[in-house]
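Me: I would like to learn how to read the packing of a protein model, one feature at a time. Please give the general idea first and then the case at hand.

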Amino acid sequence: MPLQLYDKKQIMDACLAVFALHGYEKTSTMMLADAAGISKALVFHHFKSKKELYLSILDRCFEKGRTEMGINALPEAPDFFEAKEKLSIMKFSYYRNNPDLYKVVREAFYATPDELKAEIEEKYGELIVNKDKVWERLFEKVSLRAGVERGQAFELIMLTLDYFEKKYLSEFMDNDLNERYLQRFLDERNSFLAMIRYGIQGTPSKEGGHTC
């Protein structure tokens, strides 16, 4: 049954599955119209182009994620590292329950189609910068050893977290997303963070060597 003329949310939900299955470049407007159960003319009544529809869906994905995962409350957490781990667990559960949304977000930010690069950078670049600033403020609560420059420490931690975030996302669709997979990811990431937080160099031995 055709969708209501002004039911944009239903149109976006139907088209999300198509973009997730085929990717932006291989998705045609006819495929989108068929999925939504309306004509191409009605698709373009709501959205001027395939690009605008895709970006509108991406906005909806972000808003849905922030609401359902409670991301806005994380910066108020008392511990930076606990907040990061909590976010990872929430992302795991959220993406597992919303695989189509995950595929679209992954393509948009980790395999960005050429046609969308300028718009995504302009649209979400500031959002990403502001997100990092929020985490930087939370990191200010972390006690550091004397002589450690806070800005450098934060950059090192974020580089490590970003590495595991990308590794996690690249492996996400090729694994059975059970609790064992999540725990393996967290254990490996936390072991790296522990080395950064507590150091890797042992105390020099009397013979001039080092202990581990």
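This is a predicted model: local features need pLDDT of at least 70, side-chain atom pairs count only at pLDDT 80 or more; totals for chains, interfaces and linings use all residues.

Me: How many helices and strands does the protein have?

Reply: Helices (H or I, at least four residues) and strands (E, at least two) are DSSP runs, numbered from the N terminus. The protein has nine helices and zero strands. Along the sequence the pattern reads α-α-α-α-α-α-α-α-α.

Me: What share of contacts joins residues at least 24 apart in sequence?

Reply: A contact means heavy atoms within 4.5 Å. Of the contacts between residues at least 6 apart in sequence, 68% join residues at least 24 apart.

Me: At what angle do helix 1 and helix 2 cross?

Reply: Axes are lines fitted to C-alpha atoms, for helices over the stretch in contact, and angles run from 0 to 180 degrees between N-to-C directions. Helix 1 and helix 2 cross at roughly 130°, and their axes come within 8 Å. That makes helix 1 oblique to helix 2, given that angles under 35 degrees count as roughly parallel, over 145 as roughly antiparallel, 65 to 115 as roughly perpendicular and the rest as oblique.

Me: Is the crossing of helix 1 and helix 2 left-handed or right-handed, and which residues meet there?

Reply: A crossing is left-handed if the near helix is turned anticlockwise from the far one by less than a right angle, and right-handed if clockwise. Helix 1 passes helix 2 in a right-handed crossing. Ile 11, Ala 14, Cys 15, Val 18, Phe 19 and His 22 of helix 1 meet Met 31, Leu 32, Ala 35 and Ala 36 of helix 2. By class, this contact has nine nonpolar residues, one polar and no charged; here Ala, Val, Leu, Ile, Met, Phe, Trp, Tyr, Cys and Pro count as nonpolar, Asp, Glu, Lys and Arg as charged, and the others, Gly among them, as polar.

Me: How do helix 1 and helix 4 meet?

Reply: Their axes come within 10 Å and cross at roughly 100°. Helix 1 and helix 4 are therefore roughly perpendicular to each other. Helix 1 contributes Lys 9, Met 12, Asp 13, Cys 15, Leu 16 and Phe 19, while helix 4 contributes Lys 50, Leu 53, Tyr 54, Ser 56, Ile 57, Arg 60 and Cys 61. This contact has eight nonpolar, one polar and four charged residues.

Me: How do helix 4 and helix 6 pack?

Reply: Helix 4 (residues 50–69) and helix 6 (residues 99–110) pack at about 115°, with axes 10 Å apart. They are therefore roughly perpendicular to each other, and helix 4 passes helix 6 in a left-handed crossing. On helix 4 the residues are Tyr 54, Leu 58, Cys 61, Phe 62 and Lys 64; on helix 6 they are Leu 101, Val 104, Val 105, Glu 107, Ala 108 and Phe 109. Nine of the residues in this contact are nonpolar, none polar and two charged.

Me: How is a nonpolar core read, and how many residues does the largest one have?

Reply: In soluble globular proteins, nonpolar side chains tend to be buried together. A nonpolar core is a set of buried Ala, Val, Leu, Ile, Met, Phe, Trp, Tyr and Cys residues joined through side-chain atoms within 4.5 Å. Buried means under 20% relative accessible area, exposed over 50%, and partly exposed in between (1.4 Å probe, protein chains only). The largest core has 47 residues, and Phe 19, Leu 53, Ile 57, Phe 80 and Phe 139 have the most contacts inside it. A second, separate core of seven residues includes Tyr 168, Tyr 181, Leu 182 and Leu 186. Across the protein, buried residues make up 36% of the 212 residues.

Me: Is Val 18 buried or exposed?

Reply: Val 18, in helix 1, is buried, with a relative accessible area of 9%. Not counting residues up to four places away in sequence, Val 18 touches Gly 23, Thr 27, Met 31, Leu 32 and Ala 35.

Me: Which residues does Ile 196 touch?

Reply: Ile 196 lies in helix 9 (residues 179–198) and is partly exposed at 31% relative accessibility. Leaving out residues up to four places away in sequence, Ile 196 touches Leu 156, Ile 157 and Thr 160.

Technical notes: Residues are numbered from 1 along each chain as its sequence is written. Side-chain values use heavy atoms; hydrogens and water are left out.
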